[in-house]
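Please walk through the fold shown here, moving from a single residue to the packing of helices and then to the sheet.

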Amino acid sequence: MKIVILTHSDCDGICAGAIALTRFPKADVFFTKPVSLADDLKDCPHDKIIITDIAIDFKEKDRILDLIKSKKSVYFFDHHILPEGFEEKIRNAVDVFVHDLNASASELIYKYFSKHLPEERIWLAFYGAIADYVDNTKFFKEKINCWDRRTVYFEASTLVLGIKNPEFECYDAKREIVSALASGQNPSEIKGLVESAKMAVKRELELYDFIKKNVEVYDKIAYIKDIEYFGFRGPSALFAATTSGKKIGLCVYTRKNYIDITIRTPFDININVLAQKASEAVGGSGGGHPRAAGAKIPIDKLDDFLRELNKLVK
Ligand SMILES: [Mn+2]
């Protein structure tokens with residue numbers, strides 16, 4: 001049987017993919033994104049398709065559902081908000097459906113396959129959880145006590161930060177990381193990854209200084225626009241909030257036909273809900289996780305988006 005793993009190319013996606021590959025060592029691994037999932041499914045000749053850590057794009061949802069129904073066997077592991085009314089439909093269309101907004105994709109897939117995995121592969125579930133800021137689940141808090149958490153966080157940081165440099169940014173390099181992790185190597189054993197992570201730390205600290213000097217504010221929101229550190233959108237958005245003392249920070253990038261916005265908060269605010277409401281109010285789309293969200297809006301709507309978002313912040 002031909003098996004493929006379709007996963008996200010961030011740290012959680014890499015770890016979820018590596019857990020799936022540990023379970024099915026002969027599987028192919030492909031990286032995808034919400035907007036390209038439908039096309040990737042269309043081209044997929046495999047008998048079993050494992051989808052992990054990919055949000056369902058609400059504009060593509062019907063096409064994705066039809067494609068899933070046309071496949072022999074689909075396993076679905078995810079933790080992004082599903083389009084309204086979609087959960088029941090996808091649950092009925094797949095063989096395995098595991099969805100939880102409060103845990104990482106890595107944790108969900110690890111728990112599902114754990115009986116078939118080496119015990120120490122739980123580290124991959126830890127890395128994914130740490131990377132996605134969900135290292136606070138009951139499962140994580142219980143299981144981390146069985147290991148030296150300092151070592152686990154060192155390895156997680158090596159992976160999260162290491163893949164930010166161009167050397168490890170491309171899909172081929174990430175596919176190799178997935179294989180190495182699936183075979184039991186730790187991130188720090190992957191050649192060049194620790195050095196790469198160290199460079200990322202240096203750039204992140206430079207970025208902090210830069211944002212401190214250049215942050216702009218709009219009432220309760222702080223933002224930084226079109227800076228050169230593209231791979232650091234999450235920390236950029238967070239530092240915008242941190243350095244200005246505002247509740248919400250944005251990192252804004254003007255792309256060719258739209259504006260890409262990364263949103264973070266140091267506070268306990270469900271910014272994914274705010275991102276979705278504010279972006280839909282200006283004709284865009286948005287969502288993500290409670291502490292790590294994003295939006296895509298029409299190119300001329302930044303002022304409107306800031307106003308809408310600001311209205312939603314208590
Ligand atoms: Mn994730």
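In this predicted model, N272 has 22 C-beta neighbours inside 10 Å and therefore counts as buried, the cut-off for that class being 20 or more. The residue belongs to helix α13, which covers residues 271–281. When neighbours within four places in sequence are left aside, the contacts of N272 are with I81, G287, G288, H289, P290 and A293. D219, by comparison, lies 53 residues from N272 in sequence, and the C-alpha atoms of the two are 19 Å apart in space.

Two packed helices are described by the angle between their axes and the distance between the axes. For α8 and α11, the axes come within 8 Å and cross at roughly 70 degrees, and the two helices are therefore roughly perpendicular to each other. Their contact is made by S157, T158, L161 and G162 on the α8 side, and by L193, V194, S196, A197, A200 and V201 on the α11 side.

Helix α11 also meets α12 (residues 233–244), with axes that come within 9 Å and cross at roughly 45 degrees, which makes α11 oblique to α12. Here α11 contributes E204, L207, Y208, I211 and K212 to the contact, while α12 contributes P235, S236, F239, A240 and T243. The crossing in which α11 passes α12 is right-handed.

The strands remain to be described. Five of them, in the order β2-β1-β3-β4-β5, form an open sheet with parallel pairing. Because β2 (28–31) and β5 (96–99) stand at the edges and each has a single partner strand, one side of each is left without a neighbour in the sheet. Neighbouring strands of this sheet are turned against each other by 15 degrees on average, direction ignored. Strands of a sheet pair through backbone hydrogen bonds, either parallel or antiparallel. Strand β1 (residues 3–7) runs parallel to β2 and is joined to it by 4 bridges, and T7 stands opposite F31 in β2.

Definitions and conventions:
Residues are numbered from 1 along each chain as its sequence is written. This is a predicted model: local features need pLDDT of at least 70, side-chain atom pairs count only at pLDDT 80 or more; totals for chains, interfaces and linings use all residues. Two strands pair if DSSP finds at least two bridges between them. Axes are lines fitted to C-alpha atoms, for helices over the stretch in contact, and angles run from 0 to 180 degrees between N-to-C directions. Angles under 35 degrees count as roughly parallel, over 145 as roughly antiparallel, 65 to 115 as roughly perpendicular and the rest as oblique. A crossing is left-handed if the near helix is turned anticlockwise from the far one by less than a right angle, and right-handed if clockwise. Two residues are in contact if their C-beta atoms, placed from the backbone, lie within 7 Å. A residue is buried if 20 or more other C-beta atoms lie within 10 Å of its own, exposed if 12 or fewer, and partly exposed in between; C-beta atoms are placed from the backbone.
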